[in-house]
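Open your viewer and get ready to click along. We will go from stop to stop, selecting a few residues each time.

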Amino acid sequence: MASSGGAVPFWRAAGMTYVRYSNICASLVRQCLKEPYRSESLSREKVHFSVSKWVDGKPEKPVIESLIVALVSLD
Amino acid sequence: MLRLAPRLLRRSLARTFADVPATPTQDSSFVQAWQKINPNLDPPKTPLAFMTPRPPTPSSIPSKLTVNFVLPYQSELASKEVDMVIIPATTGHMGVLPGHVATIAELRPGILSVHEGSSVTKYFVSSGFAFIHANSFADIVAVEAVPVDRFDPTLVQKGLAEFQQKLAIASTDLEKAEAQIGVDVHSALNSALAG
């Protein structure tokens, strides 16, 4: 469309995937919202996952983690 | 006259479906090979049989555009008939009317406006894709789409200043890219809130 195989978007050239770019854009937009909407939307960024470390070929007890990550935070 | 009627009818039917690509519901050579081996069993259905054929492009342009606008957590518009949608594509704002040529557009942070009669609904879209089909259906998918009145202008200005600063002091490619994304998003938000 815009590129003929030569020009790539600047984030692709810097080694970023589209998924990461899209998630960064979304989290920046969420951080600019007004108050009631902002806290609702930050709950959407939560990632829940369970991690189990493997030692000597055996999995240890899995740990359930809830991670709230602001991908790009304003310091 | 009456003798020719079936032939005329057949010809007009053929014309209506002429532009649908031939999607056979069953692979005929597979069916024949199956019948040779066990003629008593029905041939199994292949994935091709489960696919619904592409809906035919109507011969006259429909009067309304049907829009499906979805976010990961909810659907904003589900098969809504509208007059026009203006989408913020990477190649610029694109107006989509009924009868638009089939297009896939990548969206950039910007305003998506839905025009229905005299009312206009505007959303700020963070990024996503718009698929416009030949039969005047548009599927728009976005990660975040927020009505413009839900933003806080001071936060936007603050963010813009922060990222412009980050862009100036960025050293690695990745930092520069992240800062550039921040600047793009915040300046799009700024112009959205202003205009």
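Which residues have the most contacts inside the largest nonpolar core? Select A:Met16, A:Tyr21, B:Phe124, B:Phe151, B:Ile181, B:Val185 and B:Leu189, which have the most contacts inside this core of 26 residues. A nonpolar core is a set of buried Ala, Val, Leu, Ile, Met, Phe, Trp, Tyr and Cys residues joined through side-chain atoms within 4.5 Å. Buried means under 20% relative accessible area, exposed means over 50%, and partly exposed is in between (1.4 Å probe, protein chains only).

A word before you go on: this is a predicted model, where local features need pLDDT of at least 70, side-chain atom pairs count only at pLDDT 80 or more, and totals for chains, interfaces and linings use all residues. Residues are numbered from 1 along each chain as its sequence is written, chains are lettered from A and ligands numbered from 1 in the order in which they are written, and side-chain values use heavy atoms, with hydrogens and water left out.

**Stop 1**

Helices (H or I, at least four residues) and strands (E, at least two) are DSSP runs, numbered from the N terminus. H5(B) gives the most, with seven residues. The core lies between domain 2 (65-148) and domain 3 (151-194) of chain B, because both give residues to it. Those domain bounds come from an automatic or database domain assignment.

Zoom in on A:Met16. Leaving aside residues up to four places away in sequence, A:Met16 touches A:Trp11, A:Tyr21, A:Ile24, B:Leu174, B:Ala177, B:Glu178 and B:Ile181. A contact here means heavy atoms within 4.5 Å.

**Stop 2: helix H4 of chain B**

Which residues of H4(B) are buried? Select B:Leu155, B:Val156, B:Gly159, B:Leu160, B:Glu162 and B:Phe163. The buried residues of H4(B) pack against H2 of chain A together with H5 of chain B.

**Stop 3: salt bridges**

There are four salt bridges over all chains, each a side-chain nitrogen of Lys or Arg within 4 Å of a carboxyl oxygen of Asp or Glu.

Pick A:Arg20 and B:Glu178, whose closest N and O atoms are 2.7 Å apart. The pair joins two chains, because A:Arg20 lies in helix H2 of chain A and B:Glu178 in helix H5 of chain B. A:Arg20 has 32% relative accessibility, so it counts as partly exposed, while B:Glu178, at 18%, counts as buried.

Next, select A:Arg30 and B:Glu144, a salt bridge at 2.4 Å, N to O. This pair also crosses between chains, with B:Glu144 in the loop between strand S9 (137-142) and strand S10 (145-147) of chain B. Both A:Arg30 and B:Glu144 are buried.

Then find B:Asp83 and B:Lys64, where N and O are 3.1 Å apart in a salt bridge. The two residues are 19 residues apart in the chain.

**Stop 4: a pair of strands**

How many bridges join S1(B) to S2(B)? Five do, and the strands run antiparallel; two strands pair if DSSP finds at least two bridges between them. Select B:Val70 and you will find B:Ser75 of S2(B) opposite. Finish at the hairpin, which joins S1(B) to S2(B) through four residues.
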